[in-house]
Amino acid sequence: MVIKMKSQKERMLAGELYVAQDEELGRENKRAKRLTRLFNQSTEEQQEERQRLLNAMFKQFGAGGYVEPPFHTDYGTNTVIGKNFYANYDAIFVDCGPITIGDNVFMGPRVGLYTAGHPIDAGIRAEQLEYGKGITIGDDVWFGGNVVVNPGVTIGSNVVIGSGSIVTHDIPDNVVAVGNPCRVLRPITQQDHDEWAKQKAAYYADR
Ligand SMILES: CC(=O)SCCNC(=O)CCNC(=O)[C@H](O)C(C)(C)COP(=O)(O)OP(=O)(O)OC[C@H]1O[C@@H](n2cnc3c(N)ncnc32)[C@H](O)[C@@H]1OP(=O)(O)O
């Protein structure tokens with residue numbers, strides 16, 4: 001009987017300890033570095049080229065999406081992004097674990113999705129063993145600037161995460177959440193809808 005050893009990539013995506021100094025992972029990391037370098041060096045006149053690079057970079061990049069350079073990611077191939085995505089400058093997606101982002105997600109500048117973790121034990125950490133835990137984000141989420149999302153976190157749908165938040169635990173649907181550690185500030189209600197519908201009506205009446 002032949003017992004197939006799991007690859008470091010398989011271990012990584014399964015959330016198990018793995019070693020990143022590996023041929024397959026090195027190749028995929030190099031590919032991401034090349035694509036992000038080309039993307040980050042592109043100009044505002046090269047929108048078609050930017051879209052091509054974004055489509056090549058991620059496992060899936062939904063229609064109508066845009067990323068403002070500079071952008072950085074470890075692999076890109078472990079990240080699935082829904083429709084109408086927007087990330088402002090300096091987003092960093094460390095996708096050692098899978099990153100899944102729904103539709104209509106907006107990110108302010110300097111948002112970090114960090115799936116990677118290293119052992120708390122210093123001796124084992126120095127042996128280069130590490131792990132990734134996936135991050136999942138629902139539909140209709142707006143992140144303020146400088147938000148950090150930690151490994152293993154799930155954020156629901158129809159959520160606003162305030163600027164500067166460090167999201168260490170799951171966040172449910174239909175809330176504004178803020179702070180370090182990020183906690184639910186309040187629900188998003190019909191009153192929010194009515195207030196913003198009033199402002200929208202005033203905008204269109206004024207054009
Ligand atoms: C796609 C892009 O490029 S976006 C551009 C970047 N923009 C940003 O980063 C702005 C993000 N906006 C925010 O963080 C806003 O504060 C929002 C949307 C979370 C505000 O939500 P609101 O429900 O209107 O909250 P409001 O401003 O009334 O504040 C309520 C309380 O929460 C606190 N609070 C609001 N935002 C934050 C925050 N980011 N971190 C910590 N506390 C906060 C307020 O201080 C206030 O506390 P208090 O009651 O003790 O005074």
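Visitor: How far is an oxygen atom of the ligand from a polar backbone atom of G145?
Guide: That distance is 2.7 Å, and it falls under the heading of a polar contact, a pair of N or O atoms within 3.5 Å. Keep in mind that this is a predicted model, where local features need pLDDT of at least 70 and side-chain atom pairs count only at pLDDT 80 or more, while totals for chains, interfaces and linings use all residues. Residues are numbered from 1 along each chain as its sequence is written, and side-chain values use heavy atoms, with hydrogens and water left out.

Visitor: And what about S163 and N88?
Guide: A polar backbone atom of S163 lies 2.8 Å from an oxygen atom of the ligand. For N88, an N or O atom in the side chain is 3.0 Å from a ligand oxygen.

Visitor: How much of the ligand's accessible area does the protein cover?
Guide: On its own the ligand has 980 Å² of accessible area, and the protein covers 46% of that. Those areas come from the Shrake-Rupley method with a 1.4 Å probe.

Visitor: Which elements give two or more residues to the shell around the ligand?
Guide: They are β19 (175-178) and β20 (183-187). Strands here are DSSP runs of E, at least two residues, numbered from the N terminus.

Visitor: How many residues surround the ligand, and which are the closest?
Guide: There are 15, and the closest are N88, G144, G145, S163 and R186. A residue counts as near if one of its heavy atoms lies within 4 Å.

Visitor: New topic: what is the strand order in the open sheet?
Guide: The 5 strands run β2-β5-β8-β13-β16, with parallel pairing. The edge strands, β2 (60-61) and β16 (154-155), each pair on one side only. Two strands pair if DSSP finds at least two bridges between them.

Visitor: Which residue in β5 is the bridge partner of F61?
Guide: I81 is the partner of F61. β2 and β5 (residues 79-81) pair over 2 bridges in the parallel sense.

Visitor: What pairs with β12?
Guide: Strand β1 (residues 18-19) pairs with β12 in the antiparallel sense over 2 bridges, and V19 stands opposite L129. Strand β11 (residues 116-117) also pairs antiparallel with β12 over 2 bridges, with A116 partnered to G132.

Visitor: Which residues of β12 are on the covered face?
Guide: E130 and G132 are on the covered face of β12 (residues 129-132), while L129 and Y131 are on the uncovered one. In a regular strand, side chains alternate between the two faces of the sheet.

How values were computed
Helices (H or I, at least four residues) and strands (E, at least two) are DSSP runs, numbered from the N terminus. Buried means under 20% relative accessible area, exposed over 50%, partly exposed in between (1.4 Å probe, protein chains only). A polar contact is a pair of N or O atoms within 3.5 Å; within protein, one must be able to donate a hydrogen and the other to accept it, and residues adjacent in sequence count only if both atoms are side-chain atoms.
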